[in-house]
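Hello,

Here is the structure I said I would hand over. Please look through it first; my notes follow below.

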Amino acid sequence: MSTTRPPGRDVTATRYGISRDELTVLLDGEPRYRVDQVWHGLYGRLESPEEMTNVPAALRRRLAAELPVSLEPVTESISDTGDTVKFLWALHGGAQVETVLMLYPDRATVCVSSQAGCAMACGFCATGQAGFTRHLTTSEIVEQVVVAARRARDGGRRVSNVVFMGMGEPLANEAPVWGAVRRLHDDIGLSARHLTISTVGIVPGIRRLAERDLPVTLAVSLHAANDELRDELVPINRRYPLEQLLDACRDFIAANRRRISFEWAMIDGVNDRASDAVELAALCRRLQPAAHVNLIPLNPTPGWPTPGTPPEGVRAFRDRLVALGVNATIRANRGTDIDAACGQLAARAMPTQSAHPVTLTTATAES
Ligand code: SF4
């Protein structure tokens, strides 16, 4: 069994919070190769200290005690189709967050939370409706990926992509998020372009991201292409209006030579009209060919009365965008039945939850 951190213990003294230098100090007196063994066990083989059979048993016990985990599992829920798993975790201090593992035919993606709750207050989002509790540490973020990757591996799959699209605004918790990106890239070996940071439009954060030394992918939750509507749907727009956001996106593309995704949660009668498509197309043209639109049928949440656009309306909106020269796709919803889909993460257990491991199958649906 994993050991969780006792109250009051140093937050960095967890197995995915400790740095390699700190591990070297911790292993003082051991043969020098021990640091490599333990580090590779944690990140390369995704092992707990108890599983590191190449390490003496006494040291395994010591590592387990001195490097506790930072996530306490609460429940696991699996979708009816068997290709989406949602993990609910309790954090040190009592807050809860969620992680979602999605298996596609060609890739396995983990959607991680970067904060417990969110202060951005987007009305249609279950996380925003619940308010902000606290930032997550690098350790808490990395551990979400490690545990999900172990689950994927048990089903014969390897996690290839990580998206920071769970609970929270990643660019409002920049240093721990970047610390996690570095670990995922440097130590777990994920490609930078398969690490996606999603933001609701924190302009200074986008600009700093453009200057980082890893070319991660950027997704911007746009949802409206005029300031009046966006002020309403995404309140941070009042601080960083569309013109500023577009400038930052343009600079990001220039610096990173990477395409940007605009996420568009489709809300019936609100942002799915012909005029919305025209405005969105005009905005995308200013970044072409480096903008891609992801249409996401809005998922039901308790605090938002307006339903999502029906499927035929979503397809019509996509066709309209394509006719206007925009690269647009519809994102298939995953895990709606377990509240694991976009905008639904609110850290609560579902009746279908299981505290036991479940068998994963691979979906055939397109993303
Ligand atoms: S959509 Fe994203 S930024 Fe907005 S409230 Fe939800 S988690 Fe926060």
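How do α10 and α11 lie to each other, roughly parallel or oblique? Before the answer, a word on the source. This is a predicted model, in which local features need pLDDT of at least 70 and side-chain atom pairs count only at pLDDT 80 or more, while totals for chains, interfaces and linings use all residues. Residues are numbered from 1 along each chain as its sequence is written, and side-chain values use heavy atoms, with hydrogens and water left out.

Helices (H or I, at least four residues) and strands (E, at least two) are DSSP runs numbered from the N terminus. Axes are lines fitted to C-alpha atoms, for helices over the stretch in contact, and angles run from 0 to 180 degrees between N-to-C directions.

Helix α10 (residues 274-285) packs against helix α11 (residues 311-323) at about 40°, and their axes are 9 Å apart. The two are therefore oblique to each other; angles under 35 degrees count as roughly parallel, over 145 as roughly antiparallel, 65 to 115 as roughly perpendicular and the rest as oblique. A274, D276, A277, L280 and A281 of α10 make the contact with F317, R320 and L321 of α11, where contact means heavy atoms within 4.5 Å. Six of these residues are nonpolar, none polar and two charged (Ala, Val, Leu, Ile, Met, Phe, Trp, Tyr, Cys and Pro count as nonpolar, Asp, Glu, Lys and Arg as charged, and the others, Gly among them, as polar).

Ten strands form an open sheet with mixed pairing, in the order β1-β2-β3-β4-β7-β8-β9-β10-β11-β12; two strands pair if DSSP finds at least two bridges between them. β1 (71-78) and β12 (328-330) are at the edges with a single partner strand each, so one side of each has no neighbour in the sheet. From one strand to the next the twist averages 20°. Strand β11 (residues 291-297) pairs with β12 in the parallel sense over three bridges, and L295 has I330 of β12 as its bridge partner.

Last, the ligand. Around the ligand are C118, M120, A121, C122, C125, G128, G168 and V200, each with a heavy atom within 4 Å of it. This shell has six nonpolar residues, two polar and no charged.

Regards
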